[in-house]
Amino acid sequence: MVWDQDALRARFCHALSEMYKTEVPLYGDLVDLVWRADAEAIKAGQQIGGDATINPDDVLPARNRVERHGAIRLGTQLELATIRRMFAVMGMFPVGYYDLSMAGFPMHATAFRPKSREALAKHPFRVFTTVLRMELLTERTRQLAQRALRQRDIFTDRLRALIAQAETSRHLSSEDCVEFIAEGLETFRWHSEATVTLEEYRVLKAEHPLIADIVSFPSCHINHLTPRTINIDLVQKMMQEHGMPAKERIEGPPLRAHPILLRQTSFKALEETVYFRDARNEYVRGSHTARFGEVEQRGCALTRKGRHLYDQILARVNREATAQSADSVQYEEILTKHFGEFPDSMEQLRDRKLAYFSYQVAPRSTTGLHERTGVPLSQLLKENVLEYEPITYEDFLPLSAGGIFNSNLGNTTLSKQLIMEADADLDGFQRMLGAPVTDEFCLYEQIQQQSLDRCRKQLGIEVIED
């Protein structure tokens, strides 16, 4: 391979961010606000008083400032298979399967992202990608959606040619990479002219607003681009103070000493002017609500055992909140109460195998362990031979995503019975994708084991016993 996938991914993400700033200026304001919140959080954490200024870029890992996740919604198998090939050119692969029918959406999804520890450290750009499940639509809406989607092509001819060139010749020149970025941006660009009539749009929206968003436009416009923060509670407070239309509560786990998984908040979607064709093929003015601004704080990745405990607790939270018709404040109280059951120390998370960790040999450790074939991991930690740190969660939580989406949809009159009764369809999704989806737990397990293997070789022992 003759091009640098990590560099191409970084440049594409930067170009996408710049484009989105021009399309949604409030996103640019949000990025600036996150920078200020991180600076304030670092200053408070280091107990620096007075008028001293802190540049978070000098303190945080390089990936934090450039890190973004985007989200797109696709309509067809061809679109999903082609976007997979496009992201592969940038070293991004489908990780995880998300059944969004559980949140009332006629879609399922994956996340395209780098998989290796090294690639994630260089640039962790990820895109949460949903595709419409036609079988969950009513007959009238399905026919309308299929007809509209057949008439569009979200990829330029030149982009298709560059993707094919990368796959066959395994070569992209510097000029090709520049062109790839420019052509690729067109897939995600916003268009204010719809491809359906206003009447058709209303039919689609009546069944589900997200169907209208997927079907009615000539591109799979990026609907949010999410910066990462180290203190989402402070960002939420600052968003409200600055008059941004922030959602009522932060999605995900409650505030903890040691964050787990993912916490997200957003400003609500903008109502934007859109032009639709009428019966005389002339444009009439309407509006559409889809694009919003989101912020995330990432914690440590949980093992299957940890995720099972998390899901159990969350199910109890939601049952109690539903029974009490809890508002956002009451929900947060219920959430915090129940999550007291989830350990909040690194030692307990590790000892109970609830989270994944990366291990390294402690500086200046002297051991003489090379004379032994096997040493328990617990002993190496107790004797301060090894140190460990949590592995960052790089993926998504479908119920949190559902909360974000729902907060931007307003009230919808459609019956969700068909959607809510649907089963997950990983096999069907992978057939549409044209490739298998990687299990995210396997990736975290692999990263953890690789760190132990490096330690084992460095210490000169044959086995680190778990």
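## Helix H12

H12 has 20 residues and spans 29 Å from its first C-alpha to its last, close to the 28 Å expected at 1.5 Å a residue; the expected span is 1.5 Å times one less than the number of residues. Helices (H or I, at least four residues) and strands (E, at least two) are DSSP runs, numbered from the N terminus. The model is predicted: local features need pLDDT of at least 70, side-chain atom pairs count only at pLDDT 80 or more, and totals for chains, interfaces and linings use all residues. Residues are numbered from 1 along each chain as its sequence is written, and side-chain values use heavy atoms, with hydrogens and water left out.

The buried residues of H12 are Gly 306, Arg 307, Leu 309, Tyr 310, Ile 313, Leu 314, Val 317 and Ala 321. They cover an arc of only 155° around the axis, which puts them on the same side of H12. The arc is taken from the directions from the helix axis to the C-beta atoms. His 308, Arg 319, Thr 322 and Ala 323 are exposed on the other side of H12. Here buried means under 20% relative accessible area, exposed over 50%, and partly exposed in between (1.4 Å probe, protein chains only). Just after H12, Ser 325 takes a positive phi of about 50°.

## Helix H13

In H13 (residues 328-338), Tyr 331, Ile 334, Leu 335 and His 338 are the buried residues. Seen down the axis of H13, these residues fall within an arc of 100°, so they line one face of the helix. An α-helix has 3.6 residues a turn, so residues three or four places apart point the same way. Val 329, Glu 333 and Lys 337 are exposed on the other side of H13.

The buried residues of H13 pack against H12 (304-323), where contact means heavy atoms within 4.5 Å.

## Positive phi in two loops

Leu 261 has a phi near 55°, a positive value in a residue other than glycine. Leu 261 is placed in the loop between helix H11 (232-241) and strand E7 (262-267), and is buried, with a relative accessible area of 1%.

Lys 353 also is not a glycine and has a positive phi of about 55°. The loop that holds Lys 353 runs between helix H14 (346-351) and strand E11 (357-361). Lys 353 is partly exposed, with a relative accessible area of 45%.

## Surroundings of Thr 187

Thr 187 is in helix H8 (residues 174-188) and is buried, with a relative accessible area of 0%. Leaving aside neighbours within four places in sequence, Thr 187 is in contact with Ile 83, Ile 154, Phe 155, Leu 159, Ser 219, Cys 220 and His 221. Thr 187 and His 221 are 34 residues apart in sequence and 7.0 Å apart in space, C-alpha to C-alpha.

## Aromatic rings

The structure holds 16 aromatic pairs. Rings of Phe, Tyr and Trp (its six-membered ring) pair if their centres lie within 6.5 Å. One aromatic cluster is formed by Phe 12, Phe 87, Phe 112 and Phe 188.

Lys 115 lies over the face of Phe 93, at 5.4 Å from the ring centre. Arg 298 lies over the face of Phe 396, at 5.3 Å from the ring centre. A charge sits over a ring if NZ of Lys or CZ of Arg is within 6 Å of the ring centre and within 35 degrees of the ring normal.

Methods: Rings of Phe, Tyr and Trp (its six-membered ring) pair if their centres lie within 6.5 Å; planes under 30 degrees apart count as stacked, over 60 as edge-to-face and the rest as tilted.
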